[in-house]
Structures are given as structure tokens and as C-alpha cells.
2 protein chains.
Amino acid sequence: MIDYSLYLVTDRHLSLGRDTVDIVQAAIRGGITCVQLREKHGSTRQFIEEARQVRNLLDCLASTIPLIINDRVDVALATGADGVHLGQRDMDIRDARRLAGSSLLIGISVESVDDAVRAEAEGADYVGVSPVFATPTKSDTAPPLGLAGIQAIRAAVSLPLVAIGGINADNAAAIIRAGADGVAVVSAIVSAACPAQAARTLKEQISSVKGGGRHGNQ
Amino acid sequence: MIDYSLYLVTDRHLSLGRDTVDIVQAAIRGGITCVQLREKHGSTRQFIEEARQVRNLLDCLASTIPLIINDRVDVALATGADGVHLGQRDMDIRDARRLAGSSLLIGISVESVDDAVRAEAEGADYVGVSPVFATPTKSDTAPPLGLAGIQAIRAAVSLPLVAIGGINADNAAAIIRAGADGVAVVSAIVSAACPAQAARTLKEQISSVKGGGRHGNQ
């Protein structure tokens with residue numbers, strides 16, 4: 001059973017010059033439960049190198065946190081990642097499943113109830129619902145869905161549902177209360193002065209709703 | 001036996017606003033023997049769509065021209081392409097072979113004798129040698145190898161050798177004489193007023209050295 005409750009999505013450009021692997025390591029100390037590496041601009045070789053470093057880090061820690069790769073099914077398969085996250089402009093889930101079989105979790109970005117229902121019908125393992133709120137991280141997103149959008153998607157599918165877009169420690173609890181299984185954050189952790197502390201604060205907010213307190217989900 | 005003699009590499013940004021699939025179709029009429037789709041900037045879904053269109057085009061024509069995908073092993077596998085072309089900053093050939101087995105030709109970009117020898121040792125199916133001459137197409141390349149560089153790599157490996165970088169109808173024949181099995185071109189075809197005619201002219205130059213005249217290799 002995968003714990004999607006605090007899901008970090010990396011972004012090199014928002015990391016204030018710090019190394020992505022260092023940010024991931026700090027965020028793990030802070031209590032993230034899932035990590036997605038997103039590298040839209042570097043070379044494939046750099047992406048693979050970074051994924052292997054995070055894979056090694058998780059293995060060293062005997063961590064069960066799933067490593068999820070954005071967009072690149074080939075990179076996910078080559079690096080022993082646990083999953084791939086696909087946007088609506090990435091590979092179609094059916095193609096990805098044909099290449100990966102059951103060896104990878106497949107997460108799909110959805111922006112509407114219809115997207116979510118289709119993703120479930122096509123065999124997604126979870127959906128990333130975005131944007132919940134307005135976000136500075138991405139400029140090409142649909143209008144914010146708000147908490148009502150989360151509730152509507154929650155009512156329509158039984159898949160694990162991870163919300164993303166403009167989430168921080170002030171609104172994370174409300175999103176879980178609206179029915180999300182987890183919150184995904186980018187800048188709230190990668191741009192924080194102290195990513196470990198930022199993750200810890202988010203985790204506390206989530207745990208205040210889900211239970212388990214600061215020692216994690218139980 | 002693959003005919004690498006006239007190898008088109010696509011580039012949407014150099015195509016003067018014309019559709020890549022249309023350019024490929026014209027270039028096929030002009031006599032190209034190989035096509036590599038290179039899409040560094042669009043979405044994965046667009047790349048897959050374009051690859052499928054070219055795959056369908058080649059299948060309709062009952063063409064044996066191999067369809068080669070730049071960088072993306074996953075896109076190559078998903079679209080029934082014949083091969084993948086990997087630069088030195090793309091996936092390592094060993095990883096690519098593990099994912100693709102023998103289902104894909106694997107071409108490797110090399111910039112030196114050492115690169116070429118290593119690519120051969122690692123099981124490449126062909127090498128793309130670049131840049132032969134100075135080229136406006138790419139700005140991040142090593143110093144031009146010249147005809148002497150082609151000769152040196154030819155002497156060092158027995159793999160098929162495709163030269164790329166600054167090649168046009170005026171120098172194509174000299175490159176084949178220097179030992180290349182083929183010439184790869186980008187702007188000489190995709191930026192030409194008439195891509196079919198540009199391919200035909202290049203083909204005549206190559207055939208004047210390799211034999212077979214304007215009716216192609218026999």
C-alpha cells in the first residue's frame with residue numbers, strides 16, 4: 001500500500017541553486033512519502049544519473065518511498081524506478097503500460113473529472129489532480145479546481161488522488177479533508193530555506209487530519 | 001543490410017514552418033535511405049504522433065527505409081521504429097540495449113576515434129560521426145573533424161559510419177570517398193526550397209562515388 005500523503009516533485013530551477021539529490025535527502029528526513037523526479041530541461045544522461053543517485057539513496061536508507069520519474073518511461077525502466085508520472089501531453093498510458101507491464105506504477109495528471117474517470121478506466125495507479133490552487137510553478141495550467149474540484153473527482157474515482165498546485169502548509173490539511181489521499185508540492189519544499197523543516201511542517205498538517213501525528217502514518 | 005547512404009535528420013525549427021512529415025515524404029521521393037526524427041522541444045505525445053505518422057507513411061509505401069528516433073528509447077519502442085540514435089548525453093548504449101534488446105538498431109554519435117572504438121565495443125549498430133565540417137545546425141559541437149577525421153575513424157572501426165555536420169551537395173561525394181558509408185543532413189534538406197530536389201541532388205553526388213547512378217544503390 002503506497003503512502004501518497006506527502007509527495008515531493010522536484011524542480012531544479014526552483015531549487016535556489018541547490019542539488020536536487022540533496023533536496024530529496026533533506027525532504028526524506030522531513031517525512032515525505034513519495035518522490036517524483038521531474039527534469040524537463042537537462043540531458044537524458046543527467047536525468048538517469050540523478051535518478052540513480054536517488055535510487056541509491058533510497059536503497060541505502062532501506063526506504064520504501066517510491067521513486068517516480070516524470071514523463072520518461074525509458075528512464076524509469078533503466079534506473080529501477082518504481083513508477084512513471086505522465087501528463088496529458090506525455091506518452092499515452094496504454095503505450096506506457098505496454099512498455100512497462102506491471103513493473104511501474106503509472107500516475108496520470110488530470111485536470112477534470114472526465115480526465116480522472118478516463119485515467120481510472122485506462123488502468124492508472126493514481127491520479128495527480130491539478131491545479132488545485134493557482135501556482136507560480138507552472139504557467140501552462142488549467143484554471144484552479146479548488147477544494148470543490150477535489151471533492152468532485154474524489155466522488156468520481158476510487159483511485160488514489162494526489163492534489164498539486166499552490167499547496168503549502170496553510171492549505172494542505174484542507175485538501176486532505178476534501179478527499180485527497182495526498183498533497184504534492186514543488187516550491188513549498190524545493191524553494192524553502194530549509195527543505196527538511198518545510199517537509200516536516202507539511203507532514204504535521206497532513207497528519208493532523210489523517211492521524212499518526214508527527215511520527216508518520218500508522 | 002541497411003543503406004545509410006543518404007540519412008535525413010529532421011529539425012522542426014529549420015523546416016521553414018513546413019510540417020516535418022511533409023518534409024520526410026518529399027525527401028523519400030528524392031531518394032533518402034534513412035530517416036531520423038529529432039524533436040528536442042515538443043511534448044512526448046507530439047513526438048509519438050509524428051513518429052506514428054512517419055511509420056504509417058513508410059508502411060504505406062512498403063518502404064524499407066529505417067525509421068530512427070533521436071534520444072527516446074521509449075518513443076522508439078512505442079511507435080514501432082526501427083532504431084534509436086543516442087548522443088553522448090543521451091542514454092548509455094548498455095542501458096538502451098537492455099531495454100530494447102535486438103528490437104532496435106542503436107546508433108551512437110561520436111566525435112573522436114576513441115568514442116567510435118568504444119561504441120563498437122559496446123555493440124552499436126552504426127556510428128554518426130560529427131561534426132565533419134562546421135555547421136550552423138548545432139552550436140554545442142566539438143571542432144570539425146574534417147575528411148582526415150573520417151579517414152581515421154574509418155580505419156579504427158568496421159561499423160557503418162555516417163558523417164554529419166555541414167554536409168551539402170558540394171562536399172557529400174568527398175565524404176563518401178573518405179570512407180563514410182553515408183552522409184547525414186539536416187538543413188541541406190529540411191531548409192531547402194524543394195526538399196525532394198535537394199535530396200535528389202545529394203543522392204546523385206553520393207551515387208557518383210558509390211555507383212548505381214540516379215536510380216539508387218543496386
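## Rings and a chain contact

Modeller: Ring pairs link Y4(A), Y7(A) and Y126(A) into a cluster. Rings of Phe, Tyr and Trp (its six-membered ring) pair if their centres lie within 6.5 Å. This is a predicted model, where local features need pLDDT of at least 70, side-chain atom pairs count only at pLDDT 80 or more, and totals for chains, interfaces and linings use all residues. Residues are numbered from 1 along each chain as its sequence is written, chains are lettered from A and ligands numbered from 1 in the order in which they are written, and side-chain values use heavy atoms, with hydrogens and water left out.

Biologist: How many aromatic pairs are there over all chains?

Modeller: The count is four. In one of them, the centres of the Y7(A) and Y126(A) rings are 5.8 Å apart and the planes are at 55°, so the pair is tilted. Planes under 30 degrees apart count as stacked, over 60 as edge-to-face and the rest as tilted.

Biologist: Which parts of chain A does that pair tie together?

Modeller: Y7(A) is in strand β1 (residues 6-9) and Y126(A) in strand β6 (residues 126-129), so the pair ties together parts 119 residues apart in sequence. Strands (E, at least two residues) and helices (H or I, at least four) are DSSP runs, numbered from the N terminus.

Biologist: Is Y7(A) buried or exposed?

Modeller: Y7(A) counts as buried, at 1% relative accessibility. Y126(A) is buried too, at 1%. Buried means under 20% relative accessible area, exposed over 50%, partly exposed in between (1.4 Å probe, protein chains only).

Biologist: OK, and which aromatic pair does Y4(B) form?

Modeller: Y4(B) pairs with Y126(B), tilted, with 4.9 Å centre to centre and 40° between the planes. Y4(B) sits in the segment before β1 (6-9) of chain B and Y126(B) in strand β6, 122 residues apart.

Biologist: Switching topic: how many residues does the contact take from chain A and chain B?

Modeller: The contact takes 21 residues from chain A and 21 from chain B, with contact meaning heavy atoms within 4.5 Å. In chain A, R45(A), D74(A) and M91(A) lose the most area to chain B, together 31% of what that side buries. Buried area is the accessible area (1.4 Å probe) that two parts lose on being put together, summed over both.

Biologist: What's the count of salt bridges between chain A and chain B?

Modeller: Four. One joins the side chains of R72(B) and D71(A), at 3.6 Å, N to O. The rule asks for a side-chain nitrogen of Lys or Arg within 4 Å of a carboxyl oxygen of Asp or Glu.
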